[in-house]
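Me: I have a protein open in the viewer and want to go through it piece by piece. Can we start with how far to trust it?

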Amino acid sequence: MDKGKEMREGQSENGNGDIISSLLSRARHGLWILRHGRGGARVDLLGKIGLAIPAFTSILIIVLILSFLWFESIPILTSDVGGPAIFLEPTWDPNRDLYGIGIFIAGSFASTAIAIGIALPVGIGAAIFLSEFCPTKIRGAFRMIVEMMAAVPSIVYGLWAFLVIVPWIKESLAPAVQSNPVTSWIPFFQGNTNGLSLIAGGLILAIMLLPTVISVSDDALRSVPQSLREAALALGASESETARKIVLSAALPGVGAAVVLSLGRAVGETMAVLMVTGNSLQIPYSLFDPCYVMTSIITNQLGYAYIFPMWRSALFAVALVLMLMSICFTTIAKIMIKWGSKTRGIV
């Protein structure tokens, strides 16, 4: 056997052994304190146990949800009418045992991409204004308004979009871009629309993402040491150059985390998107085509599908994909923050 491999295996075994030994030692020490300890030592131990319970409960809940979704998804993923290919197939027709969920994944990704494409520059621009240029007297009011936007229920956003954005797309946006010689030839602007469309879902999602992007980016920008700003200004940089090249650069990990967290919010949003995207079983090729996202299909059909094992299992497979995507986005955000903090000497 390769000597390096032997050493690595030995270190791994020693590492595992050290961890187990440390845990056993802590457990024995804790039992001794419970039996013989008095006063502060026992109170400290009971406090640590009390704080550890919610932490381990959170982990247990995530594991149980994933296990439950996986267990419910097994019938469709191991069936002859389903299998792993359902993640790529574009046809959903439970009456014919066709359970392709690719159209829902495509609809979710397309609406999310539009939302991120709009919310990212607008949100980061607003965060830079709040952090670097906003007068102190009105900064608090702006931040309070942003926090209020985050507290608005998604159903309210959906109703507003249904009454305002959808008619605007039908009566103003679509006719304007389809009659303009500059944009009328672009494939993304083709097709008739009643306003219930992919672009409607993307726009309302972008508005809903703005509070997250602005708040997290603002926190990241404000965490940049003031000494960096002063040094840049002392070297002759203007305020806009300092904000763009120094502050934003130093805060990039936090801004990136805001983007990734927004992705998770956008993919998992349900009610507002359900009300404005048209819920049509097709892959959208134009911004004015209707679409169907993953959350909407679960909300609309789970009640009917619950007594049909394959149909129900396919919907749980959609939920499993959503859960895994959310976990991936959160993990990427954590890695970006950790990497950015290390590379910039923050930790």
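Reply: The protein has an average pLDDT of 83, and 92% of the residues score at least 70. Keep in mind that this is a predicted model.

Me: Where is confidence lowest, and where is it highest?

Reply: Helix H1 (residues 3-36) is lowest, with a mean of 64. Helix H5 (residues 154-179) is highest, at 91.

Me: Ok, helix H2 next. How many residues does H2 have, and what does it reach from first C-alpha to last?

Reply: H2 covers residues 40-77, which makes 38 residues. From its first C-alpha to its last it reaches 55 Å, close to the 56 Å expected at 1.5 Å a residue.

Me: Which residues in H2 are buried?

Reply: Leu45 is one of them, and the others are Leu69, Glu72, Ser73, Ile76 and Leu77.

Me: Where does Asp97 lie?

Reply: Asp97 is in the loop between strand E1 (92-93) and strand E2 (98-99). Its relative accessibility is 39%, so Asp97 counts as partly exposed.

Me: And what about phi of Asn279?

Reply: That one is also positive, near 50 degrees, and Asn279 is not a glycine either. Asn279 sits in the loop between helix H10 (271-276) and helix H11 (294-305).

Me: Is Asn279 buried or partly exposed?

Reply: Partly exposed, because its relative accessible area is 23% and buried means under 20%.

Note on methods
Residues numbered from 1 in each chain as written. Predicted model: local features only at pLDDT ≥ 70, side-chain atom pairs only at ≥ 80, totals over all residues. Heavy atoms only, no water. Helix = DSSP H or I, 4+ residues; strand = E, 2+ residues; numbered from the N terminus. Expected span 1.5 Å × (residues − 1). Buried < 20%, exposed > 50% of the residue type's maximum accessible area, 1.4 Å probe, protein only. pLDDT = per-residue confidence, 0-100.
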